Amino acid sequence: MAMDTPGSQSSLHRANLERVLRAVRMAGSLTQAEIARGTGLSAATVSNIVRELKESGTVVVADTSSGGRRARSVSLSGDAGIVVGVDFGHTHLRVAVGNLAHRVLAEESEPIDTDVSAQQGFDRAEQMVERLLGQAGFRPDKVIGVGLGVPGPIDVETGALGSTAILPGWTGVMPRQELSQRLGMEVHVDNDANLGALGELVWGAGRGLGDLAYIKVASGVGSGLVINGQIYRGPGGTAGEIGHITLDEAGPVCRCGNRGCLETFVGSRYLLNLLNANHPGELTLSKVVQLAQQGDLGCRRVIADAGRQIGMGAATLCNLLNPRRIILGGDLAEAGELVLSPIRDSVSRYAIPSAARQLSVVPGTLGGRAEVLGALALVMSEMGESGAIRQTAAAGA
């Protein structure tokens, strides 16, 4: 077969094919008019490409309506391949299996001990992936890739988990290599806040937006930044670490070595310490939220104060990046307006008025599933287009 030369008709056609595939894959399903708008391709080009992809079995086309008019909805074929998501949280391990048509086929969550070793954690993940693939009825060779979420930054150069990771004893672990070796599959890895952002962008409260920030408040505080529809990681992979914005340089010492970071005022350990005297025993952040919703004044006050502090971090993001939406995730997001209203107050106080006016602050819609769904979306965004075309063309042959 003749090689595609850059700028040739066949290489241009292939590039257009890949743009259409990527747009459909990231959205789940789109009408042909939406594909044309999103890719900048002409309606005729999109129509030809969709016909070709349909004939090869890569996409399925169904009648639908858009704005009251008849339209054709395009989505990837359910058998075009399987993706797996694995999310290591501070207290849980969650695994999901999905297809490229955005259908979750199997999903499970298990509690995990915070001081579990990396090896034990990966043992559990390996067992869960194998079990769920069996449950969904797919052989491992149908898996296109695995998305892996970890609670801390990944060093871009080495692939190692950074020193501010939440799980003790995991610093320096190479999560991508470890899981890839165990499963014999291609693995893409990112931190939990970036995956939460990707999950909400593709499946939840950020659908249809190109610019947003996802702030996750749980054991620590992190944020995932979406700029022009893409996760922005920065050259070292640490973009979005708003938990380490300094609010008080004489404040408590943070696990990162600085003093008075945002995380030292709103992370779960700090908030629970404030309430231990009034609520002796085993308090968790979700229990605090529950008590606040039942009217407990101390819990309401602690959540409102945390909201104001988060709002200061959100205002900084707003001034620097001017996102259209800030989505709150993690345990504290379950408090709804008790935390969102003080965040908005702080944003309106500290953000540039024009940036604050364009901004909406909303809770995530995916709850604890945001990261594992983001892990599925990570595979969809990182997988090589040509591999997908080859695989689907072979399936249609």
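Two strands are taken to pair if DSSP finds at least two bridges between them. Helices (H or I, at least four residues) and strands (E, at least two) are DSSP runs, numbered from the N terminus. The model is predicted: local features need pLDDT of at least 70 and side-chain atom pairs count only at pLDDT 80 or more, while totals for chains, interfaces and linings use all residues. Residues are numbered from 1 along each chain as its sequence is written, and side-chain values use heavy atoms, with hydrogens and water left out.

**Strand β9 and its partners**

Strand β9 (residues 212-217) pairs with strand β10 (residues 221-227) in the antiparallel sense over six bridges. These two strands form a hairpin, with three residues between them, and Tyr214 of the pair stands opposite Gly224 in β10. β9 is also joined to strand β12 (residues 325-329), in parallel, by five bridges; here Leu212 has Arg325 as its bridge partner.

Six of the six residues of β9 are buried (under 20% relative accessible area, with a 1.4 Å probe and protein chains only), so the strand is largely enclosed by the rest of the structure. In a regular strand the side chains alternate between the two faces of the sheet. On one side of β9, Leu212, Tyr214 and Lys216 are buried, and on the other Ala213, Ile215 and Val217 are buried.

| Strand pair | Sense | Bridges |
|---|---|---|
| β9 and β10 | antiparallel | six |
| β9 and β12 | parallel | five |
| β1 and β3 | antiparallel | three |

**The three-stranded sheet**

An open sheet has the strand order β1-β3-β2, with antiparallel pairing. β1 (29-31) and β2 (59-66) stand at its edges with a single partner strand each, so one side of each lacks a neighbour in the sheet. Neighbouring strands are turned against each other by 30 degrees on average, direction ignored. Leu30 has Val74 in β3 as its bridge partner. Helix α3 (residues 43-55) packs on this sheet and touches β2 and β3 (contact means heavy atoms within 4.5 Å); its direction makes about 130 degrees with that of β2. Axes are lines fitted to C-alpha atoms, for helices over the stretch in contact, and angles run from 0 to 180 degrees between N-to-C directions.

**Helices α10 and α11**

Helix α10 (residues 297-321) packs against helix α11 (residues 337-350) at an angle of about 40 degrees, and their axes are 7 Å apart. Residues meeting across this contact include Ile303, Gly307 and Met312 in α10, and Leu338, Pro342 and Tyr350 in α11.

Conventions:
Buried means under 20% relative accessible area, exposed over 50%, partly exposed in between (1.4 Å probe, protein chains only).
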